Number of protein chains: 2
Amino acid sequence: MYEILRKHIAQYITLDDVEFSQCTAFFTPRKLRKRGFLVQEGDVCKYAAFIHKGCLRSYTVDNKGDEHVLQFAIEGWWISDMYSFLTGEPTGYFIEALEDSELLLLDRQAYDQLTENIPKFERFFRLLLQNNLIATQRRIIAEHSKTAVDRYLDFLQTYPSIVERVPLRHIASYLGITPEALSRIRRELVNKENK
Amino acid sequence: MYEILRKHIAQYITLDDVEFSQCTAFFTPRKLRKRGFLVQEGDVCKYAAFIHKGCLRSYTVDNKGDEHVLQFAIEGWWISDMYSFLTGEPTGYFIEALEDSELLLLDRQAYDQLTENIPKFERFFRLLLQNNLIATQRRIIAEHSKTAVDRYLDFLQTYPSIVERVPLRHIASYLGITPEALSRIRRELVNKENK
DNA sequence: CGCGGGTTTGATGATGCTCAAGCCCGGTGG
DNA sequence: CCACCGGGCTTGAGCATCATCAAACCCGCG
């Protein structure tokens, strides 16, 4: 049950067996069906969720009713609204399962105790935040410097395992374009291939 | 010399006088003239810089030679490439003074010692990262859900003190539009005002 | 078989980019 | 003190990209 979590953590900090089994005690397993929500706009996001199996997305809905995907996450990733989770303010995001999923949840109390009992986890979560920030900054620069075609190609390169699993319209939303535009981009790409 | 830093830190953690004077020992003051660089692309970003006075920007240059502003920072803010600073990898950014500026620099060793000697600072830097991530995520959503006009108006609201100090073309770059487009947006806005 | 969600296609229009030129203003040197 | 220069901002015309809206298509599922 915890192998994936263990491998994930090992990428950032080294834990012995005792520490790891201590740490697992803080997580609560939870299943989420396809189209189920971990949180919805207005909720307080009570959990940071590690994905053991499945696929989720976080997104906002603007005042025109259009969705904007912030993040995808699959096995071995985390998903949450860190802001709401850490401040207790209501979230502006929806976090939805795109497949039947199995999560390992960490609530705020567990998070505090975990970082207190095993201080290495303070570092661990800082590294997660840091990597997330770096990726998010790169995304902004990419959106300013690259065309939609190139951003789609980058996405294919960077997240091949996600492309296979999520509907195109969500990818379009992530890239900041309409489904129609993504459709046309894909058409052009196969056209070029066949020349 | 350290009042601004003290106020800034007090927003996130509480330090007594002893702790604060301990902490100041880790900082190195440095002046930077207008148009001077703290780091340039290819350098390792050796410092996290707290701005005591002045104004800086970080930006990348893409392969067409176009600049893309990632961040502005004025008194009471930090600027750095956290990625390069924390990993030791060369940075892809330029960090340039837009005015004569006075900085308080923290190098990697000082950073490590500071977080070790005064563990509250671990929390402090995590909060900084976290706030930065939240703001950066909002920026992506805003770029997907709002027009350039609205993003400019938001910028005026959110960073009035920066608008006064920074050339318009840098603001255009931050917003992801050309200087010409920003110029036209501003023209339309004053037209509307006068009706 | 027919329904419905997701994707594609087409036509049209808005938004912002590119390139080129002009304007404004502050700084410099005669 | 003034003429000139240059950088930054503005303006204009034409164009590319992508959004919008509406309709068709495709395919899995009841």
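1. Let me start with how the two chains meet in this predicted model. Of the interface residues of chain A, 100% are also interface residues in chain B, so the copies meet through the same surface. The contact takes 24 residues from each side, that is, 24 from chain A and 24 from chain B.

2. Which elements of chain A build that side? Those that give two or more residues to the side touching chain B are β5 (67-74), α3 (82-87) and α5 (120-145) of chain A. The largest share, 15 residues, comes from α5(A). By class, the residues on this side of chain A divide into nine nonpolar, nine polar and six charged.

3. The symmetry is worth a look next. Chain A is superposed on chain B by a rotation of 180 degrees with 0.0 Å of shift along its axis, at an RMSD of 0.0 Å. This is the relation of a two-fold axis. If you want a landmark in chain A, take L133(A): its C-alpha is the nearest to the axis, 2.5 Å from it.

4. The largest nonpolar core has 88 residues, and the ones with the most contacts inside it are A49(A), L56(A), A49(B) and L56(B). In chain A, domain 1 (3-145) and domain 2 (146-195) both give residues to this core, so it lies between them. Leaving aside residues up to four places away in sequence, A49(A) touches L38(A), W78(A), I79(A), S80(A), L103(A) and L105(A).

5. DNA strand C is surrounded by 15 residues, the closest being P167(A), L168(A), S183(A), A148(B) and A181(B). Two or more residues of the surface near DNA strand C come from each of α8 (168-175) and α9 of chain A and from α9 of chain B. Here α9(A) gives the most, with six residues. The surface near DNA strand C has six nonpolar, three polar and six charged residues.

6. For DNA strand D, there are again 15 surrounding residues, and the closest are A148(A), A181(A), P167(B), R169(B) and S183(B). The elements giving two or more residues to the surface near DNA strand D are α9 (179-193) of chain A, with α8 (168-175) and α9 (179-193) of chain B. On this surface α9(B) gives the most, with six residues. Its classes are six nonpolar, three polar and six charged residues.

Notes:
Residues are numbered from 1 along each chain as its sequence is written. Chains are lettered from A and ligands numbered from 1 in the order in which they are written. This is a predicted model: local features need pLDDT of at least 70, side-chain atom pairs count only at pLDDT 80 or more; totals for chains, interfaces and linings use all residues. A residue is near a molecule or strand if its C-beta atom, placed from the backbone, lies within 6 Å of it. Helices (H or I, at least four residues) and strands (E, at least two) are DSSP runs, numbered from the N terminus. Ala, Val, Leu, Ile, Met, Phe, Trp, Tyr, Cys and Pro count as nonpolar, Asp, Glu, Lys and Arg as charged, and the others, Gly among them, as polar. Copies are superposed by least squares on the C-alpha atoms of residues with pLDDT of at least 70 in both. Two residues are in contact if their C-beta atoms, placed from the backbone, lie within 7 Å. A nonpolar core is a set of buried Ala, Val, Leu, Ile, Met, Phe, Trp, Tyr and Cys residues joined through C-beta atoms within 7 Å. A residue is buried if 20 or more other C-beta atoms lie within 10 Å of its own, exposed if 12 or fewer, and partly exposed in between; C-beta atoms are placed from the backbone. Domain bounds come from an automatic or database domain assignment.
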